[in-house]
Amino acid sequence: MDRLARAVNIDDLRALAQRRLPRMVFDYIDGGADDEVTLRRSVDRFRDYTLSYDTLVDIAAIDTKRSVMGAPMQLPFFISPTAASRLFHISGEPAVARAAHQAGIVYSISTLGSTSIEDIAKATPGPKLFQIYVWKDRGLVKEVLQRVRAAGFHGVILTVDVPVAGNRERDPRNGFSIPPAVTPQTAAQVLTRPAWAWDLLRQPRIKPANFAHLPEPPGGIIGFINSQFDRSVTWKDAAWLREEWGGPFAIKGIINPADAERAVALGADAVWVSNHGGRQLDTCPTTIDALEAIVAAVAGRAEVILDGGVRRGSDIVKALALGAQAVALGRAYLWGLAAGGEAGVARALAILEAELTRTMALIGAPTVNDISRRFIRPPG
């Protein structure tokens, strides 16, 4: 599509998404917790880290290959798990999975995805990660892990930074829920976006597809979260899940070195530095600021993954220079999905790949493994 081709950066895709989505749906992607301080700082803080460069380096060939948790990739970034993708575009999670496979990168699906584990397995033969929480119903957790294993998923991600849902104030102001409830307020928003509304009407009800066999609690996806989130979960439960799965395992939502040490001690293959995109605890540290200390604490005993605030290929280079094995994308690809389905996701990935390879050439790093601490200067 011409409009996608004219998008030259991720912010252009964000603008396209905003024009296509009702305000309540766009704000669900775009918003953060409380005053959204962490949300803003997570993006802005990348700009405070500056890049140095070497000159007269042979950069005729740029090699961007990297692996995550044993899965080889063509690029050092991949798809982070996000809930209910069919809400943003009718093509939903399968479109994202296909775009990821085409780009040669790992795809991660949320436990609260709007497409089932089995249907994702049909959509892509590429490496896949499944994100999960330790629910109150441990039998349900075991059942899901069995399905993930049977579907050929490569690894599991345990998210640990959601003991309770964050205070995302845009959502109640907009009357937002998943699936959207019909009220005068939401109807007025939807009527301004007829193409999106038509797509919503001609697809099945949006709900947690992996739990469609269970009675649906009041409140849709949020109701399911409230009924299953376990506030008593500790590191002992994380170790239990690690043993139940038995394969490549990441712990997502780490922001301090002490927790990184605990994750490594229980056998995590990857420590995932994340503040949930600024959607949980506001004014907590940005991930780029937390990264280097966590890399030092892990000391090569596990991979370190980063998400949060990544909008440019140069942001990816900065994270790699500070020791990240790879970077996970959330909003960047969701805006592409909302703007144009699978083609929009592909455009987001292509933009970041082009920016990444150009930045590598400009700093004099012909391979991802050449990107090191000496290329980056922290603030101050």
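Rings of Phe, Tyr and Trp (its six-membered ring) pair if their centres lie within 6.5 Å; planes under 30 degrees apart count as stacked, over 60 as edge-to-face and the rest as tilted. By that rule the structure holds six aromatic pairs. This is a predicted model, in which local features need pLDDT of at least 70 and side-chain atom pairs count only at pLDDT 80 or more, while totals for chains, interfaces and linings use all residues. Residues are numbered from 1 along each chain as its sequence is written, and side-chain values use heavy atoms, with hydrogens and water left out.

**Overall build**

- The protein has 16 helices and 12 strands; helices (H or I, at least four residues) and strands (E, at least two) are DSSP runs, numbered from the N terminus.
- A compact globule with 380 residues would have a radius of gyration near 21 Å, and the 20 Å of the protein agrees with this. The radius is taken over C-alpha atoms, and the globule rule is 2.2 Å times the number of residues to the power 0.38.
- The C-alpha trace spans about 60 × 50 × 40 Å along its principal axes.
- Of the 380 residues, 57% count as buried. Buried means under 20% relative accessible area, exposed over 50%, and partly exposed in between (1.4 Å probe, protein chains only).
- Among contacts (heavy atoms within 4.5 Å) between residues at least 6 apart in sequence, 75% join residues at least 24 apart.

**The eight-stranded sheet**

- Eight strands form an open sheet with parallel pairing, in the order S4-S11-S10-S9-S8-S7-S6-S5. Two strands pair if DSSP finds at least two bridges between them.
- At the edges stand strand S4 (77–79) and strand S5 (107–109); each has a single partner strand, so one side of each is left without a neighbour in the sheet.
- Neighbouring strands of this sheet are turned by 30° against each other on average, direction ignored. For such angles, axes are lines fitted to C-alpha atoms, for helices over the stretch in contact, and angles run from 0 to 180 degrees between N-to-C directions.
- Strand S7 (residues 155–159) and strand S8 (residues 249–254) run parallel and are joined by four bridges. Val-156 stands opposite Phe-249 in S8.

**Aromatic rings and charges**

- A pair of aromatic rings is described by the distance of the centres and the angle of the planes.
- Phe-130 and Phe-153 have ring centres 6.3 Å apart and planes at 85°, so the pair is edge-to-face.
- Phe-130 lies in strand S6 (residues 128–132), and Phe-153 in the loop between helix H7 (138–150) and S7, so the pair ties together parts that are 23 residues apart in sequence.
- Tyr-133 and Trp-135 form a tilted pair, 5.4 Å centre to centre with 55° between the planes. Tyr-133 is buried at 11% relative accessibility, and Trp-135 is buried at 0%.
- One aromatic cluster is made up of Tyr-28, Phe-88 and Phe-176.
- A charge sits over a ring if NZ of Lys or CZ of Arg is within 6 Å of the ring centre and within 35 degrees of the ring normal. Lys-128 lies over the face of Phe-153, 5.8 Å from the ring centre.
- The charged end of Lys-252 sits over the ring of Trp-272, at 5.7 Å from its centre.

**Helix H3 and its cover**

- Helix H3 (residues 23–30) is mostly covered, with seven of its eight residues buried.
- Those buried residues are Met-24, Val-25, Phe-26, Asp-27, Tyr-28, Ile-29 and Asp-30.
- Their cover includes helix H2 (10–20), helix H4 (37–48), helix H8 (170–174), helix H9 (184–191), helix H10 (194–201) and H16.

**Loop residues**

- His-276, in the loop between strand S9 (270–273) and helix H14 (287–298), has a positive phi near 60° although it is not glycine. His-276 is buried, with a relative accessible area of 17%.
- Ala-299, in the loop between H14 and strand S10 (303–306), has a positive phi near 55°. At 55% relative accessibility, Ala-299 is exposed.
- Phe-375 lies in the loop between helix H16 (331–363) and strand S12 (376–377), and is buried at 1% relative accessibility.
- Phe-375 and Asp-54 are 321 residues apart in sequence but 8.3 Å apart in space, C-alpha to C-alpha.
- Leaving aside neighbours within four places in sequence, the contacts of Phe-375 include Thr-50, Leu-51, Tyr-53, Asp-54 and Ile-363.
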